[in-house]
Amino acid sequence: MKTEELVFVPAPGRGHMVSMMEFAKRLLERDERISITVLVIRLPTPSKLESYVEELAAANSNIRFIDLPSVDRPSPELSSSIEKLVSVYIEKHKPLVQDAIINHVLSQPSTHLAGLVIDLFCTSMIDIANELGVPSYVFFTSSAAFLGLMLYLPVRHSLKGTEFSISDPDSIIPAYTHPVPSRVLPSFLFDETGGYESMLYHGTRFREAKGLIINTCAELEPHAIKSLESDKELAPIYTIGPVLNFELDKNPDFEKIIKWLDDQPSSSVLFLCFGSLGGFEPPQLAEMAAALERSGYRFLWSVRAPMPRDFRTRQIEYTNFSEILPEGFLERTKDKGLVCRWAPQLDVLAHEAVGGFVSHCGWNSILESLWNGVPIATWPVYAEQQSSAFQLVKDLELAVELTLDYRFKNPDKLVPAKEIEKAIRCLMDSENPVRRRVKDIGRRAREALMDGGSSFISLGRFIEDLLAIQK
């Protein structure tokens with residue numbers, strides 16, 4: 001019997017690849033009539049993504065991985081926007097994607113090409129699906145509310161015709177329950193070098209897809225999902241999350257960190273971590289250190305250098321914490337805190353000793369924290385994290401506001417120790433109602449994935465719709 005083959009085209013970023021591959025695994029577990037091929041777009045410079053893909057391929061023999069040939073990276077003169085350069089780089093792979101499908105999928109007598117599942121940055125691949133006469137599905141790695149923001153861009157552009165300005169009045173975006181201040185919009189919406197143009201392009205093309213698959217669940221974002229589903233011109237919405245990866249690689253520091261947590265009282269530790277690209281200059285680190293010391297709470301702090309202003313250069317690593325943290329801080333806090341470069345985030349959040357999370361509010365991190373019932377204090381850094389932090393605090397009331405508008409491109413704006421300490425104390429307060437709401441949504445998110453749960457049903461509906469098209 002022929003299987004219905006889905007071709008996955010993820011963006012070359014670990015955060016995007018992880019959730020997309022977990023979705024692929026769920027599909028295969030759910031229905032044996034489906035098979036999957038992943039077309040791997042490599043980054044133009046060596047990265048940890050390569051080893052991750054190798055591990056994935058070794059651990060999942062039922063998924064076929066095909067490495068696409070390399071292409072020239074876009075000229076740095078094209079744009080200073082990472083969104084623009086990534087989109088152009090991915091689009092350069094279009095003929096390679098088409099060739100791989102023709103030579104490795106259509107040529108297989110045991111499979112039938114059922115469609116393409118593409119990352120939100122890969123909308124140029126919709127052209128290939130159209131040429132081959134198969135449906136395309138966008139896998140959206142962020143929130144339903146952010147998808148609503150992306151779909152709002154063409155509507156606004158038809159009226160305004162230009163980028164956003166930080167001085168613009170609040171925006172009324174249907175996927176958000178509150179008016180959205182310009183200061184919490186993603187930086188790319190203000191970018192005049194191609195960032196806004198690129199995201200406008202993607203937001204426009206989403207409407208051409210046959211379906212939109214979102215890593216969220218109905219219980220977490222009821223308003224945003226209802227808003228999307230009420231749009232009669234939009235393709236079906238499939239909420240299949242939370243999709244998490246419980247098998248991430250273990251760093252050599254893993255055992256040391258977990259052992260330290262094992263020795264701490266329940267819900268006593270504040271965890272500070274800002275993603276693989278989130279980091280800070282020494283002046284901001286000094287404010288954070290002062291806040292931690294004054295708060296008196298136990299802490300696990302992942303300290304990393306900031307992204308370079310020119311993202312085409314490699315991110316450095318701090319190698320000596322005593323040189324970049326305030327003098328004597330490590331000695332004074334050695335009995336209450338642990339400072340590290342890397343932290344096994346999901347394992348840390350699952351540990352009973354952890355009682356709060358100061359986070360950059362990347363969507364994967366938000367889902368991991370809610371899944372484990374750990375409340376967040378918001379400290380967005382880049383990408384769509386400002387709007388995610390805003391949604392989490394204002395719309396969903398599932399986080400404590402530390403800052404909503406911090407941006408790594410504006411590091412001279414320090415968040416003072418006094419504000420950080422205040423947010424920490426609020427976050428770690430055992431009587432804070434946010435803590436109860438987060439525990440409740442974590443339980444409901446787990447139930448959503450169970451047989452009969454909202455995401456379980458939505459995934460089944462996606463499979464039924466996919467197979468119905470093939471008949």
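**Figure 1. The largest cavity in the predicted model has a volume of about 60 Å³.** The structure is a prediction, and 1 cavity of 30 Å³ or more is counted in it. Its lining is made up of Cys-217, Leu-220, Pro-242, Leu-367, Leu-370, Trp-371, Ile-441 and Ala-445. These lining residues are 8 nonpolar, with no polar and no charged ones. Helices α14 and α17 each supply at least two residues of the lining, and the largest share, 3 residues, comes from α14.

**Figure 2. Helix α14 (residues 363-371) is mostly covered.** Of its 9 residues, 8 are buried. The buried residues are Trp-363, Ser-365, Ile-366, Leu-367, Glu-368, Ser-369, Leu-370 and Trp-371. They pack against helices α13 (345-350), α15 (385-395) and α17 (433-449), and against strands β11 (354-359) and β12 (376-378).

**Figure 3. Leu-261 and Leu-300 touch the most other members of the largest nonpolar core.** This core holds 100 residues. Helix α6 (residues 144-160) gives the most to the core, with 9 residues. Another core, of 36 residues, lies apart from it and includes Leu-272, Phe-280, Ala-289 and Val-415. With neighbours within four places in sequence left aside, Leu-261 is in contact with Val-269, Leu-300, Val-348, His-351, Ala-353 and Val-354.

**Figure 4. Tyr-238 and Phe-462 form an aromatic pair, one of 18 found in the whole structure.** The ring centres are 5.2 Å apart and the planes stand at 75 degrees; the angle is over 60 degrees, so the pair counts as edge-to-face. Tyr-238 belongs to strand β7 (residues 237-239) and Phe-462 to helix α18 (residues 454-470), so the pair ties together parts 224 residues apart in sequence. Both Tyr-238 and Phe-462 are buried. Ring pairs also link these two with Phe-8, Phe-23, Tyr-137 and Phe-139 into a cluster.

**Figure 5. Phe-280 and Tyr-406 form a tilted aromatic pair.** The distance is 5.7 Å centre to centre, with 55 degrees between the planes. Phe-280 sits in the loop between β8 (269-273) and α10 (282-295), and Tyr-406 in the loop between β13 (399-401) and α16 (417-428). The pair thus links distant parts of the chain, 126 residues apart. Phe-280 has a relative accessible area of 2%, under the 20% cut-off, and is therefore buried. Tyr-406, at 4% relative accessibility, counts as buried by the 20% cut-off as well.

Note on methods. Residues numbered from 1 in each chain as written. Predicted model: local features only at pLDDT ≥ 70, side-chain atom pairs only at ≥ 80, totals over all residues. Heavy atoms only, no water. Core = buried A, V, L, I, M, F, W, Y, C linked by side-chain atoms within 4.5 Å. Buried < 20%, exposed > 50% of the residue type's maximum accessible area, 1.4 Å probe, protein only. Helix = DSSP H or I, 4+ residues; strand = E, 2+ residues; numbered from the N terminus. Contact = heavy atoms within 4.5 Å. 1 Å grid on protein atoms, 1.4 Å probe; cavity = no way out; pocket = protein on both sides within 12 Å on 5 of 7 lines; lining within 4 Å. Points joined across faces, edges and corners; volume = space filled by probe spheres on them. Nonpolar A, V, L, I, M, F, W, Y, C, P; charged D, E, K, R; others polar. Phe/Tyr/Trp six-rings, centres within 6.5 Å; stacked < 30°, edge-to-face > 60°.
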